[in-house]
Each structure stands twice: as C-alpha cells, then as structure tokens.
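Welcome, and please open the model in your viewer. We will go from stop to stop, selecting as we go.

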Amino acid sequence: MKEPPMSVERIEALVVGAGQAGIAMSEHLSRHGVPHLVLEQGRVAERWRSCRWDSLVANGPAWHDRFPGAEFSGDPEAFVGKEGVADYFVDYAARIAAPLRCGVTVTGVTRLPERAGFRVETSEGPIEAGYVIAATGAFQTPVIPPLVPADAGIAQIHSNSYRNPAQLPEGGVLVVGAGSSGTQIAEELLAAGRKVWLSVGPHDRPPRRYRGRDFVWWLGVLNKWDADAPEGAEHTTIAVSGAHGGATVDFRKLAARGMVLMGRTEGWRDGALTFADDLGRNIRRGDANYLSLLDEADAWAARNGIDLPPEPEAREIGPDPDCMTHPRLSLDLRAEGITTILWATGFSNDYGWLRVDALDGQGKPRHQSGVSSEPGIYFLGLPYQSRRGSSFIWGVWHDAKFVADHIAKQRSYLAYRAPGDTAAAAE
Ligand SMILES: Cc1cc2nc3c(=O)[nH]c(=O)nc-3n(C[C@H](O)[C@H](O)[C@H](O)COP(=O)(O)OP(=O)(O)OC[C@H]3O[C@@H](n4cnc5c(N)ncnc54)[C@H](O)[C@@H]3O)c2cc1C
C-alpha cells in the first residue's frame, strides 16, 4: 500500500462543519476512539450567530432542544435565544475537547487515486482523510424564487439576511412563506407597526401547548420525531413559534390584528404579484393538522391512563377573516405601499465541493441514513436523514451516533486479519 507524501497532513476522519451536527459527530467519533479533526469555515455554531434574526429563540423549550449529555443553564421551560444556543455548542465542544480548527474552508474532496481515502482541499492546504463527514447544514443557500425582477423597485431580502424591522426600508412588507421563520418575522414586523401581507402555503400547525404539555413533548410520546419522511416530502413546513414565551401560530388572530393573508405566491405580471386561490384550503389543512394532533394526544392520554388537565377550549377555531373568505389573488406592490418582499422560502444545499460519487443528478446527497453511495463519505444534519428530528438539535445527535457506529464497524472490518494473512489488507 502506498503511503501519503510526508508533506500532506493525514487524519483518519475529517468532519466538515462545526454546527451542532459536526460537534455531535466529534463526540461520537471520540467515544469510538477514532482520530479526527473538525474543520469550520467560521466559528463554532456560526449559522446560529450570523444567519438568524436578532430576536430568534429556539422553537423548542430548553429541556428539549439540546443534546442528551448537557442541559442549558437557566429555566428548562424557556426558549433560548440564538446566541444562547450558539454559546451552548461552544461550551459543549470545549467539554468534549472536540479537535476543532476554525476559520478553515473545505473547497474540494476527491477520492485518492492509488490509496484508500480522500484528498481534502482546504483554505490552509490539503489534508488526506480516510473518512469524510459532510456536516455543512441543511439550511445552506437561501432560495428566492425567480419571480420579481431585480429592477422592479422593490427591496427583496431572504429570511436568512433579516435581522430586525429597522433594517427594512420604510413602508409595507410582503412576507412570502408561512413556516416558522415567515410567521415569526411577519408577526415581529406587525408588532413594530408595519403593514404586513403574508403569503401562506401548505403547512403543519401544531398547538404550542396542549393539556399542560408543549407540542415537542406530544410529538415525542406520539413517536412523531422518529417518523420517516412522508411520501415525496423532503421537508415539512411547520408554523410554530417560541417567541415571547411561545404561543400557537393562529393565522386568524394575525388577520384580526391587521395582517393581510394571501395564498401561495405564484407569479409576477405587470408590477403585480399573483397568488393561488388556495388560502382557505391551506389554512384549513393547517387546522386539520392541529386538530388531529389534539385527537391523537387525547387518545394517547386515555389509552395510557395519563391524567392531564382537559382543555376543550383548544378546539375552538375562530371565524374566518375577510381576507380568507375573499382572498386577494394579485397585489400591485407599489399601489399597496409595499417596499419590501421578505422571502421566507427556505434553503437549498451546495455540495459542489464534494467531487465524489455521493450525489445524484441534481447534486443531492445519495445516502441511506447518512451513509453515502461513495464508501467513506457520510452526511449529517439532512432533513429526514433517518427521521423527522434529523435536522434538529436533539435528532442530529442520534444520527451522528449511527454514522460514527458505521465508521467504527468499517474500521473493525479493515483491522481484521484472516489466519495466514501476510500483507495488511488495508491501513
Ligand atoms: C431560522 C432557523 C431556526 C431554527 N431553529 C431551530 C430550533 O429552534 N431548534 C432546532 O432543533 N433546530 C432549529 N433549526 C434547524 C437546525 O437546528 C439549524 O439549522 C442548525 O443550525 C443546523 O445545524 P447543522 O450543524 O446541521 O448545520 P449548520 O448550523 O448550518 O452548521 C454547518 C457548519 O458548516 C460550516 N461550513 C459549511 N460549509 C463549509 C465548508 N466548505 N468548509 C468548512 N465549514 C463549512 C458552516 O460555517 C456552519 O458552521 C433552525 C433552522 C433555521 C434556519
């Protein structure tokens, strides 16, 4: 077996990215005694610091949105702010003595031609690694649908770059997308005195709390965090908020406070945005999702004899607002005084640096629970990587364990020597 040139640094496992996924990966690799290195282009948990709006808090309470091995300091029922979440991971990385190198960008990964492993190009020179784990995040590249021309005279910003209301030009704001980001930002803008329009697509809308338990608890006992991806879905749009102590997202109440709701944003014609005639359907689908969770919760509590305070008033759905019964199908932005479109329309991934046989024709990871089609390459933190919780804080920890276990198994096969073997089968 050929050895690498002496000048090239070599490490057995290389983790790309030091968000929660990379840190969880480091913990599990250390438990298996796998020598490894974590490379991070920015700081630990960089995206929690620099790609979230100022007031963002975690979607789940502190007792839930964490790794199993460490609690947040402070009130376990609180929704921790984004800086607190980032600090938690910095502390966690120190506690497990994660071998980190920050400020180093991975620019390319290729399979070595004559030896096992990969050549990893970085901003600080090449490294050779036996295993590479791509932990670069599910929410990498902001997606803005190419609808409104750049010269339309309207500011356009993605939720990834939104920080606070004062950052936006004076005037009304159209928020496109009613997942957790879109609804929280729209509400913040409304509270800041802006006129707000919200384009609402299909979504799930769990109750924030029901019968004295947060929805994260209900999803846990109902085994929904561990559920497989729904047929054909890569991501579930879920409207939930921990802001101001957490409350159920209720679009009818937002409309009653002056927010104008529309259906899915569809097109652009003569200075006007057009919307699908699906607002009522989308909101009622969210209601059905909400009510079905209450039903499942009640059935689970009854079946298990768990005595929780009943909450029949949670089933009351308010009257449909006028904007829902007579939805606007087009908006002349200038005439309405809208100066900003805020696109809360999600993210795509860019694995262009991964020049190995681990991606499909669309550049998406080809994998089974993170084990890619290129032996030695792994993914972590993907939506529905193995379960619904995969891209969330607590879920990724379990996926990291699975990936580290897989690497440990591969190492033990490679370490095997059959009786009579003379040459090493592999390193
Ligand atoms: C607005 C928003 C709110 C969220 N709120 C919650 C929540 O409350 N609770 C929850 O559980 N989940 C939440 N999530 C989902 C998820 O927990 C976060 O997105 C989290 O940041 C994902 O962690 P990660 O480690 O997988 O990826 P990231 O946090 O994206 O980490 C990836 C890291 O890789 C680095 N990197 C990327 N490319 C390279 C490269 N080529 N070389 C070196 N380094 C590289 C990046 O700098 C980054 O630090 C939220 C997501 C979003 C978008």
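Before moving on, two notes on reading the tour. Residues are numbered from 1 along each chain as its sequence is written. The model is predicted, so local features need pLDDT of at least 70 and side-chain atom pairs count only at pLDDT 80 or more, while totals for chains, interfaces and linings use all residues.

**Stop 1: helix 1.** Now select residues 20-31, which form helix 1. Helices (H or I, at least four residues) and strands (E, at least two) are DSSP runs, numbered from the N terminus. From first C-alpha to last, helix 1 reaches 17 Å with its 12 residues, close to the 16 Å expected at 1.5 Å a residue; that expected span is 1.5 Å times one less than the number of residues. Of those 12 residues, 10 are buried, including Ile23, Met25 and Leu29. Buried means that 20 or more other C-beta atoms, placed from the backbone, lie within 10 Å of a residue's own; exposed means 12 or fewer, and partly exposed is in between. Show the partners too: the buried residues of helix 1 pack against strand 1 (9-16), strand 2 (36-40), helix 3 (82-95), strand 6 (127-134) and helix 10 (393-415).

**Stop 2: Val132.** Next, pick Val132, one of the residues with the most contacts inside the largest nonpolar core, which has 60 residues. Such a core is a set of buried Ala, Val, Leu, Ile, Met, Phe, Trp, Tyr and Cys residues joined through C-beta atoms within 7 Å. Helix 10 gives the largest share of this core, seven residues.

**Stop 3: Glu114.** Is Glu114 buried or exposed? Look in the loop between strand 4 (106-111) and strand 5 (118-122). Glu114 counts as exposed because it has 6 C-beta neighbours inside 10 Å. Finally, select Ala155 as well: its C-alpha atom and that of Glu114 are separated by 52 Å, although the two residues are 41 residues apart along the chain.

Notes:
Contact = placed C-beta atoms within 7 Å.
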